[in-house]
Amino acid sequence: MAETDFDIKYVANLARIALTPDEEAKLGAQLGDILGYIKQLEELDVTDVEPMAHAVPLANVLRADEVRPSIPQEAALANAPKQTNGLFIVPKIVE
Amino acid sequence: MEYETVIGLETHVQLKTKSKMFCGCVNQFGSEPNTNVCPVCLGMPGVLPVPNERAMQLTALAGYLLNCEVPGFAKFDRKNYFYPDASKDYQITQFDFPSTTTGHVDFEFGGGIERVRITRAHIEEDVGKSSHFAQHSGVDFNRAGVPLLEIVSEPDLRSADMAYEYLNALKEILIYGGISDCDMEKGMVRCDVNISVRPRGAEELGVKVEIKNMNTFSGMRRAINYEVPRQIETLERGGTLVQETRRWDDIAGITESMRTKEQAHDYRYFPEPDIMPLKPSESWLSEVRSHIVELPLARKQRFVLDYGIPAQDADVFVGNVPLGGFFEQAVSGAKNAKAIANWVINNLQARIVETGTTVDELKFEPAAIRELVGIIDAGTISNKGGQEVFSELFENGGAPEEIVEAKGLAQVSDSVELDTWCQAAIDANPGPANDVRNGKDNAINFLKGQVMKASRGKANPQVVGETLAKLLKS
Amino acid sequence: MLHELTLSGLTSKLASKEVSSRDAMQACLDRIAAVDGQVNAFMSIDRDDALSQADAADAALAKGNTHIAQPLLGVPISLKDLFCAKGQPANCSSKILGDFHSPYDGTAVRKLRDAGAVLFGRVNMDEFAMGSSTENSAFGRSNNPWDLERVPGGSSGGCAASVAAQECFGSIGTDTGGSIRQPAALCGCVGLKPTYGRVSRYGVVAFASSLDQVGPLTKDVRDSATLLGAMSGHDPHDSTSVPTDVPDYVAELGGDLKGIKLGLPREFLIDGIDPEVRAAFDAAVKQCEALGAEIHEVSMPHTEYGVATYYIVATAEASANLARFDGIRYGDRVDGDDPFSLYCNTRGRGFGEEVKRRIILGTYVLSSGYYDAYYLRAQKARTLIKRDFEQAFETVDALITPTVPSPAFKAGEKMDDPLQMYLSDIFTISCNLAGTCGISLPCGFSNEPKLPIGLQFLGKPFGESQLLQIAHAYEQATPWHTERASL
């Protein structure tokens with residue numbers, strides 16, 4: 001757990017969050033402290049311990065393949081910042 | 001230096017379910033944009049996914065058809081990436097514990113049978129569809145959340161044509177199993193192609209290039225046929241290849257770089273906390289297994305072997321399963337399978353296509369074709385009479401022998417009547433008769449024609465020939 | 001005064017037609033007008049809608065509908081600002097949602113409506129439930145009714161403040177690492193975090209999916225039992241909701257603590273607990289003993305790893321859960337030349353500092369090369385923490401602990417030291433990691449200033465009924481729950 005190579009620019013970019021230089025400095029330092037604290041998990045012997053992803057041990061929770069009503073187009077787009085002709089409008093996708 | 005091409009495919013296939021993977025919206029192509037959507041597939045705040053059981057059954061069934069293992073534990077994961085067509089900005093997929101693993105597909109290629117190993121086939125959700133305009137793009141989420149099976153092959157393919165045939169075989173298997181309609185026009189099958197080249201005989205794989213999102217098989221073949229020489233030429237020029245993702249430009253007929261390994265996504269997979277793991281029970285799996293169907297290649301081999309029909313005929317029955325089923329019922333207990341196959345393919349199939357009906361809707365039983373071939377072979381009716389019987393069967397149903405009777409189609413093989421007609425023909429045509437006597441065997445056909453005419457087609461042509469020969473030699 | 005009634009006090013008066021739901025609703029609105037300028041619990045109130053819901057409840061009462069069929073009939077309840085109700089905003093105290101209005105009803109909201117509740121106002125919280133003070137709200141913090149200079153706790157701080165200020169008869173919050181219990185403790189009310197899977201999460205804006213749970217904040221234990229009963233039950237829209245019967249929590253209240261075994265986790269009684277909190281807690285333990293409980297010291301050896309484990313698991317899940325706030329389908333958008341810059345701009349402006357901090361931390365612990373060291377290790381540590389609970393519950397019925405190490409702190413005190421803020425969750429966090437249930441209720445006050453102190457009981461999975469019985473027995477034997485903040 002080498003938190004020293006924590007690169008706030010890279011991670012903020014992955015998370016798609018623009019940070020000001022001040023925020024970068026402040027959050028970077030705070031996250032350094034937090035990662036330093038989190039490092040204590042290294043002490044823990046987790047040999048042969050199963051990872052836990054869910055708080056309750058359910059399995060095979062499925063729904064029947066039944067069609068249920070969709071919502072009207074108008075409702076789907078009601079909150080859209082920008083929409084035209086039934087589509088959500090975004091800046092041109094290049095890829 | 002000689003190079004070897006190494007190709008692996010990741011094929012995405014939309015599953016044939018009524019509703020989407022995680023919500024009740026209809027799984028349907030071609031609707032008005034953003035009408036088959038709900039808060040769940042739009043990724044609204046607070047919504048939760050609940051997996052579609054049918055999709056899980058189809059996934060397991062596909063696994064069995066691809067000779068995969070279906071493990072006792074599988075789970076869903078989130079694949080994180082921001083993209084306008086991903087409504088949650090992560091895709092629910094299966095990462096380290098997929099629903100099926102390690103199988104293979106056998107298919108015909110280059111005159112033999114090839115085997116491509118399948119790494120895994122896992123379930124995930126489709127994304128929305130973007131359209132691009134001059135200044136901006138627009139997103140329709142109707143497709144978002146449609147269940148998608150991703151079938152990952154090992155790098156066992158060696159050429160564009162082989163990849164093409166593999167895809168066709170895969171498609172046929174999935175259609176057979178009712179897994180997917182594989183309608184290319186509706187974008188139900190898309191694939192990513194991993195291509196590398198290496199000096200022939202080398203163990204190590206070359207630098208891998210991925211071509212994303214091919215939506216036609218022929219486009220994929222062209223893309224490989226462009227990409228392989230590009231890679232070889234680069235190497236031969238002394239250049240180096242970089243691991244990258246490329247895009248196929250179908251109009252220009254070239255591939256272009258999209259991003260290199262360094263710019264690759266960091267997907268940050270982790271277990272989907274909103275969905276519980278899958279532990280398929282034996283009874284659930286055995287229900288799935290009860291839907292296993294015979295695979296196309298096995299069917300073809302069986303038809304050729306068991307019925308002794310030509311491979312091309314077997315191909316027809318592989319391509320058209322109901323017709324093949326009809327044939328199998330017709331041929332049961334029959335002597336002349338080839339003739340039955342001919343009738344089913346040449347006559348029945350043609351009429352079905354022509355009239356737009358289906359095998360299920362036919363007015364007669366498969367046994368009628370067996371009977372029909374039987375009476376033709378017995379000489380009771382001519383081939384031409386057979387056509388008439390068949391037309392009647394197709395249009396109104398009934399039993400062939402009764403139709404023959406009702407229409408007076410039976411051939412005359414009775415020697416007294418035939419003798420009379422034949423003698424009359426000989427007497428009326430002394431020239432051709434003498435020609436036959438003088439060894440010009442072909443002249444007998446003229447006499448035969450006269451007899452058939454006189455009998456209004458009812459004389460059995462084989463018996464006519466024999467009778468004429470007998471009378472002329474005596 | 002009407003607003004001073006408990007929820008059960010109100011329903012008996014509604015049932016006897018002594019008061020109407022409209023009277024009750026109007027009393028809340030008047031109280032809010034009088035004190036919310038100081039408390040700042042409410043984000044938005046739809047007055048007309050509130051009164052028409054109340055009128056509908058009165059009509060139902062007049063028609064003969066009873067509180068047996070609809071236990072919340074006519075009762076004004078406030079909602080944390082992250083519940084989706086059709087046509088209503090759900091801002092999560094964030095700027096990024098802009099003027100989003102939910103196109104659908106969540107399950108808890110629907111169940112509360114079915115039970116007759118008048119869902120009338122949306123209360124403040126830490127942005128996206130990330131925080132312990134409501135100071136992370138983009139719309140200004142709420143204030144602790146006992147001392148307006150101090151925080152009400154968080155993230156369900158608006159819920160706790162609205163109950164403590166008697167602006168509603170109960171409030172619905174969520175608890176991911178203590179977000180119901182901690183503000184309940186700091187504001188002197190009762191807060192219940194049910195077992196994971198007890199109440200549906202459908203329609204609750206997610207912070208950390210494997211930890212979040214919906215629960216009530218109320219003036220007393222009985223009221224929490226009533227609200228829990230109304231909201232609980234299996235939901236086919238939530239795969240993690242557990243198909244277990246819902247007991248009649250209210251009917252099962254009563255009795256004493258005879259024969260009840262309470263576990264005192266050695267590792268919880270750390271240095272750093274405020275002396276007044278420690279004294280109140282020790283007295284509460286004695287009180288339970290006096291009521292017939294057996295006290296057993298138990299060991300929960302992985303307690304000290306709880307905070308680290310939590311901040312890995314919760315932030316990782318949050319980093320994905322909050323990805324959808326991207327300015328494309330809803331919410332505030334800050335444009336860009338391409339989708340990439342649109343995302344960065346929108347999220348850079350829309351999220352507050354704590355949310356950014358946690359998303360970045362969560363992104364990091366999942367990123368290539370760090371997954372095993374952080375996320376996978378935390379998932380394994382979580383297993384060990386859960387085992388601590390399982391082992392403890394082999395010998396005891398419930399655990400007894402302080403809810404928070406110290407009473408409400410002053411606003412601004414911990415804002416620049418997020419790690420210190422995180423560490424104050426130490427007693428509440430492990431319950432969420434283990435997925436079990438917990439309740440906080442008042443057990444005394446500090447002197448100068450007079451601030452509430454919270455006592456926490458942690459129960460077995462789906463053991464809410466027994467947990468409520470224990471809390472109720474303690475509550476009924478002590479005067480703390482009758483004390484109100486003077487505003």
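Let me start with chain A. A compact globule of 95 residues would have a radius of gyration near 12 Å, whereas chain A has 22 Å. That radius is taken over C-alpha atoms, and the globule rule is 2.2 Å times the number of residues to the power 0.38. Along the principal axes, the C-alpha atoms of chain A fill a box of roughly 55 × 45 × 25 Å.

Before going on, the conventions. This is a predicted model, in which local features need pLDDT of at least 70 and side-chain atom pairs count only at pLDDT 80 or more, while totals for chains, interfaces and linings use all residues. Residues are numbered from 1 along each chain as its sequence is written, and chains are lettered from A and ligands numbered from 1 in the order in which they are written.

The predictor gives the complex an ipTM of 0.95 and a pTM of 0.90. For chain C the average pLDDT is 96, and 100% of the residues score at least 70; pLDDT is the predictor's confidence in each residue, from 0 to 100.

Back to chain A. Its secondary structure is three helices and two strands, in the pattern α-α-α-β-β along the sequence. Helices (H or I, at least four residues) and strands (E, at least two) are DSSP runs, numbered from the N terminus. How many of the 95 residues of chain A count as buried? The figure is 29%. A residue is buried if 20 or more other C-beta atoms lie within 10 Å of its own, exposed if 12 or fewer, and partly exposed in between, with C-beta atoms placed from the backbone.

Next, where chain A meets chain C. The contact takes 45 residues from chain A and 55 residues from chain C. Two residues are in contact if their C-beta atoms, placed from the backbone, lie within 7 Å. On the chain A side, helix 1 (8–14), helix 2 (21–38) and strand 2 each supply at least two residues. The largest share, seven residues, comes from helix 2 of chain A. By class, this side has 36 nonpolar, four polar and five charged residues. Ala, Val, Leu, Ile, Met, Phe, Trp, Tyr, Cys and Pro count as nonpolar, Asp, Glu, Lys and Arg as charged, and the others, Gly among them, as polar.

The strands of chain A also belong to a sheet with strands of chain B. Four strands form an open sheet in the order 1(A)-2(A)-7(B)-6(B), with antiparallel pairing. Which strands stand at the edges? They are strand 1 (83–84) of chain A and strand 6 (129–132) of chain B; each has a single partner strand, so one side of each is left without a neighbour in the sheet. Strands pair if DSSP finds at least two bridges between them. Two bridges join strand 1 of chain A to strand 2 (residues 87–91) of chain A, and A:Thr84 stands opposite A:Leu87.

Chain B itself is divided into domain 1 (3–289), domain 2 (296–407) and domain 3 (415–473), with bounds from an automatic or database domain assignment. The C-alpha centres of domain 1 and domain 3 of chain B lie 70 Å apart. One residue to look at is B:Gln349, in helix 8 (residues 337–355) of chain B. B:Gln349 counts as partly exposed because it has 18 C-beta neighbours inside 10 Å. Not counting residues up to four places away in sequence, B:Gln349 touches B:Leu323 and B:Val344.

Last, chain C. The secondary structure here is 15 helices and eleven strands. A compact globule of 487 residues would have a radius of gyration near 23 Å, and chain C has 21 Å, which agrees. Buried residues make up 67% of chain C. Among its contacts between residues at least 6 apart in sequence, 76% join residues at least 24 apart.

Is strand 9 (residues 398–402) of chain C buried or exposed? Five of its five residues are buried, so strand 9 is largely enclosed by the rest of the structure. C:Ala398, C:Ile400 and C:Pro402 point one way from the strand, and C:Leu399 and C:Thr401 the other way. Strand 9 of chain C is joined by two bridges to strand 7 (residues 261–265) of chain C, running parallel, and pairs with strand 11 (residues 452–459) of chain C in the antiparallel sense over five bridges. C:Ala398 stands opposite C:Leu262, and also opposite C:Gly459 in strand 11 of chain C.
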